[in-house]
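Reader: I'm new to this one and would like a close look at a single part. Could you walk me through the sheet and what surrounds it?

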Amino acid sequence: LASLKNRALRQRIMDASLNRASKGGEFDNRAVVASMVKLRAERAAMLGYANHAAYVLADETAGSVEAVNRLLAQLAPPAVANARAEAADIQKIIDAEGGKFQVSAADWAFYTEKVRKQKFDLDEEQLRPYFEMDNVLRNGVFYAANKLYGITFKERKDLPVYLPDIRVFEVFNEDGSHLALFLVDYYARSNKRGGAWANAYVAQSSLLGTSPVIANHLNIPKPADGEPTLMTYEEVTTAFHEFGHALHGMFSNVKYPRFAGTSVPRDFVEYPSQVNEMWAAWPEVLKNYAKHYKTGEPLPQALLDKVKA
Ligand SMILES: [Zn+2]
């Protein structure tokens, strides 16, 4: 939808997508959904909960339906105000192009791209020379963790790895004692799942006496031999995000591995990663790693402001 120029086609695709599995015939799922809802309500009642939402939330950090509704009620007004402001920006472009129509949901992605180009004029290629991978890792991701938690990192080239590209770092506590092993698997390859994620290959457990072995997997295209790996800003924030999950696993301090690291309620698990992601753009951290890979010159203020916008 973001790239379709034909408005009628955008609308058709949107309608088709919204009506998936609810148009009658053999792929109509509505009866299945209705029976799931009924069974969930029955289960909740059998276990003594007012409804399915209360049953699910009992094990989450939110705790209750009231707490979730309270948060949603807080979020809704600013979210709607923001959507209205975006709609106004989009409508301005439609009018300027002589569109003579009101923006609809199907138009949103297509015109959002245009607004973005007009407002920020941000060319990712201009940024990449400031985000060389090893520099981002050592002087960004590791630097922030060292400042915050005092942990230090030492590359271990003597340990076996499953592919030559994988890097292993031993992580030490502030007092110099061993904390964890951290595997960096940032490059894309044809047989790798898409996206980015963190994985604990060994979970911390005082019962078993294990210390964590945690990996971060990203999908950064590998440059030609001898060329530096220059990351996009999105890849940089992803690296910080996934390292937040890695920290969660490394700082684990439990007896049973079942409860180690990221084995926490679903509405909490993204908290450490979101917080760590925040440091990517933190002025003190950004200044330390966002340097031109050839000249060492810091990311210019004008580009910096656009990144933040
Ligand atoms: Zn995450």
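Predicted model: local features only at pLDDT ≥ 70, side-chain atom pairs only at ≥ 80, totals over all residues.

Author: Strands β2 (residues 167-172) and β3 (residues 178-187) run antiparallel to each other and pair over six bridges; strands here are DSSP runs of E with at least two residues, helices are runs of H or I with at least four, both numbered from the N terminus, and two strands pair if DSSP finds at least two bridges between them.

Residues are numbered from 1 along each chain as its sequence is written, and side-chain values use heavy atoms, with hydrogens and water left out.

The open sheet has five strands, ordered β1-β2-β3-β5-β4, with mixed pairing. At the edges sit β1 (152-155) and β4 (197-202), each pairing on one side only. From one strand to the next, the twist averages 30 degrees (axes are lines fitted to C-alpha atoms, for helices over the stretch in contact, and angles run from 0 to 180 degrees between N-to-C directions).

Two helices pack on this sheet. Helix α7 (residues 133-149) touches β1, β2, β3 and β5 (213-220), and its direction makes about 20 degrees with that of β2; contact means heavy atoms within 4.5 Å. Helix α8 (residues 233-250) touches β1, β2, β3, β4 and β5, and its direction makes about 165 degrees with that of β5.

Glu155 and Arg167 form a salt bridge, with the closest N and O atoms 3.0 Å apart (the rule is a side-chain nitrogen of Lys or Arg within 4 Å of a carboxyl oxygen of Asp or Glu). That pair links distant parts of the chain, since Glu155 is in strand β1 and Arg167 in strand β2, twelve residues apart. Another salt bridge, also 3.0 Å from N to O, brings together Arg189 and Asp185. Asp185 counts as buried because its relative accessibility is 2%, whereas Arg189, at 27%, counts as partly exposed; buried means under 20% relative accessible area, exposed over 50%, and partly exposed in between, using a 1.4 Å probe and protein chains only. Shared partners also join Asp134, Arg138, Glu155 and Arg167 into one salt-bridge network.
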